[in-house]
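Here are my notes on this one, point by point. Have the viewer open while you read.

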Amino acid sequence: MSPTQLAAAALVAAASTVANPTAASTRNPEAQPPAHVRKYVADVRLAGTGKLTWYGFHVYDAALFVAPGFDLANASAQPFVLELTYARRLDGKGIAEASRDEIERLGFGTETQRARWHDQMLKLFPNVEKGRRLAGVNLPGTGARFYFDGQFLGSIEDPDFARAFFAIWLDERTRAPQLRENLLKGAAAMRTAGF
């Protein structure tokens, strides 16, 4: 399987994907959050971690950082950071294409919006190697900023894009429900399953 195919399959977490609830991220929950997380989320805390595997391949560890009182019912109106630490090489083009396809599957955006978002992601997302970290920051009313190993990568300034992109992991219709559950395990207010 090519790196592009693996990236696409891993991101969308096809039906056979299993998120292992007992295999927490390698991040120490007591450790200080990275600077790019503290910059955007006041009084930040780690809500949860999860490990994504696909047909036995460890793809990445995920960590969700939120502020106290994080409310999933109104997630897009709050700053939060989702960080993925990759366990293998993945192609940036494949990540962008899989993101576009999953956003469409979830029903976000118009065809024109998705095409624009896809073009922006193609320009933004790098190829990743084992141990590299890609973080997305939700900025309410603005869009999403991205960091690669803690260094600013770029932004997509469109709140509709941010909502659609983070829904890949946080929406109740995600293809990786166990990973979603693990990421939200420590979130303060889960009064609703919507995103």
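**Notes on the fold and its cores**

1. Let's start in the sheet: β3 and strand β4 (residues 80-86) pair in the antiparallel sense over six bridges. Helices (H or I, at least four residues) and strands (E, at least two) are DSSP runs numbered from the N terminus, and two strands pair if DSSP finds at least two bridges between them.

2. A word on provenance. This is a predicted model, where local features need pLDDT of at least 70 and side-chain atom pairs count only at pLDDT 80 or more, while totals for chains, interfaces and linings use all residues. Numbering runs from 1 along each chain as its sequence is written, and side-chain values use heavy atoms, with hydrogens and water left out.

3. On its other pairing, β3 runs antiparallel to strand β2 (residues 45-54), joined by nine bridges; Leu-52 has Tyr-60 as its bridge partner. The two strands make a hairpin with two residues between them, and Tyr-55 in the turn has a positive phi of about 50 degrees. Eight of the ten residues of β3 (residues 57-66) are buried, so the strand is largely enclosed by the rest of the structure. Buried means under 20% relative accessible area, exposed over 50%, partly exposed in between (1.4 Å probe, protein chains only).

4. Now look at helix α5 (residues 159-170). At 1.5 Å a residue, its twelve residues should span 16 Å, and the end C-alpha atoms are 16 Å apart, which agrees; the expected span is 1.5 Å times one less than the number of residues. Nine of the twelve are buried, so α5 is largely enclosed too; Phe-161, Phe-165 and Trp-169 are among them. Asp-158 caps the N-terminal end, with a side-chain oxygen 2.9 Å from the backbone nitrogen of Asp-160.

5. Which residues touch the most other members of the largest nonpolar core? They are Tyr-60, Leu-64, Phe-161, Phe-165 and Trp-169, out of 45 residues. α5 gives the most to this core, with nine residues. Such a core is a set of buried Ala, Val, Leu, Ile, Met, Phe, Trp, Tyr and Cys residues joined through side-chain atoms within 4.5 Å. Apart from it lies another core, of eleven residues, including Val-37 and Phe-65.

6. Tyr-60 deserves a click: leaving out residues up to four places away in sequence, it touches Leu-84, Trp-169 and Leu-179, among others. Contact means heavy atoms within 4.5 Å.

Conventions:
Polar contact = N/O pair within 3.5 Å; in protein donor to acceptor, adjacent residues only side chain to side chain.
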